[in-house]
Amino acid sequence: MTLTEFNSLYDYKYDPKGRDVWFVIKPNEQGAYRGDCEDYSLSVLYYVVCQGSWLKFWWMLFTFQAEICGCQTKNGGGHAVLRYGDMYIDNWTKAWVEREDMEELGHDFWPWNYTILPTTVAIKMALGKIRG
């Protein structure tokens, strides 16, 4: 799947109140992919970068070729951004941009000691499956 194809089918949806669940989004009956910022980031990694390969998905995360980056938005909320190589993408930009472009949007990236580790991604995705 290309990024253009994924973006044309993506629709933002808040997590239920009090439930932070992380998923690689599956299309609904209408073929739309609905989720929030971390769902968007994980889904771009899976569908666009890794072309539907779970092996490549986890390899990219565990070798830090890709990373889910946490940041605070200009509105004060927490936000997830996908870093792949030296480029970044999120559900605000919906395009690969440099880190400076994200910062110009008002994204204040968390310091390195707050890195969202691949094990954290795995746990949050497992909890998402359990919680539904």
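Figure 1. About 30 Å³ of space lies in the largest cavity, and a search of the whole structure finds 1 cavity of 30 Å³ or more. Here a cavity is a set of points, on a 1 Å grid over the protein atoms alone, where a 1.4 Å probe fits but cannot get out, and lining residues have an atom within 4 Å of a point. The lining consists of Leu 61, Phe 64, Ala 66, Glu 67, Ile 68, Ile 116, Leu 117, Pro 118 and Val 121. Two or more of these residues come from each of strand 3 (66-72) and helix 5 (118-131), and strand 3 gives the most, with 3 residues. By class, the lining has 8 nonpolar, no polar and 1 charged residues, where Ala, Val, Leu, Ile, Met, Phe, Trp, Tyr, Cys and Pro count as nonpolar, Asp, Glu, Lys and Arg as charged, and the others, Gly among them, as polar. The model is predicted, with local features needing pLDDT of at least 70 and side-chain atom pairs pLDDT 80 or more, whereas totals for chains, interfaces and linings use all residues. Residues are numbered from 1 along each chain as its sequence is written, and side-chain values use heavy atoms, with hydrogens and water left out.

**Figure 2. The packing of helix 3 against helix 5.** The axes of helix 3 and helix 5 are 8 Å apart and lie at an angle of about 135°, which makes helix 3 oblique to helix 5 (angles under 35 degrees count as roughly parallel, over 145 as roughly antiparallel, 65 to 115 as roughly perpendicular and the rest as oblique). Trp 54, Phe 57, Trp 58, Leu 61 and Phe 62 of helix 3 are in contact (heavy atoms within 4.5 Å) with Pro 118, Thr 119, Val 121, Ala 122 and Met 125 of helix 5. These residues divide into 9 nonpolar, 1 polar and no charged.

**Figure 3. The crossing of helix 2 and helix 3.** Helix 2 (residues 37-49) and helix 3 (residues 54-62) have axes that come within 9 Å and cross at roughly 125°, and the two helices are therefore oblique to each other. From helix 2, Leu 42, Leu 45, Tyr 46 and Val 49 meet Trp 54, Lys 56, Phe 57, Met 60 and Leu 61 in helix 3. The residues of this contact comprise 8 nonpolar, no polar and 1 charged.

Methods: Axes are lines fitted to C-alpha atoms, for helices over the stretch in contact, and angles run from 0 to 180 degrees between N-to-C directions. Helices (H or I, at least four residues) and strands (E, at least two) are DSSP runs, numbered from the N terminus. On a 1 Å grid over the protein atoms alone, a cavity is a set of points where a 1.4 Å probe fits but cannot get out, and a pocket is an open set with protein on both sides within 12 Å along at least five of seven lines; lining residues have an atom within 4 Å of a point. Grid points are joined across faces, edges and corners, and a volume is the space filled by probe spheres set on the points.
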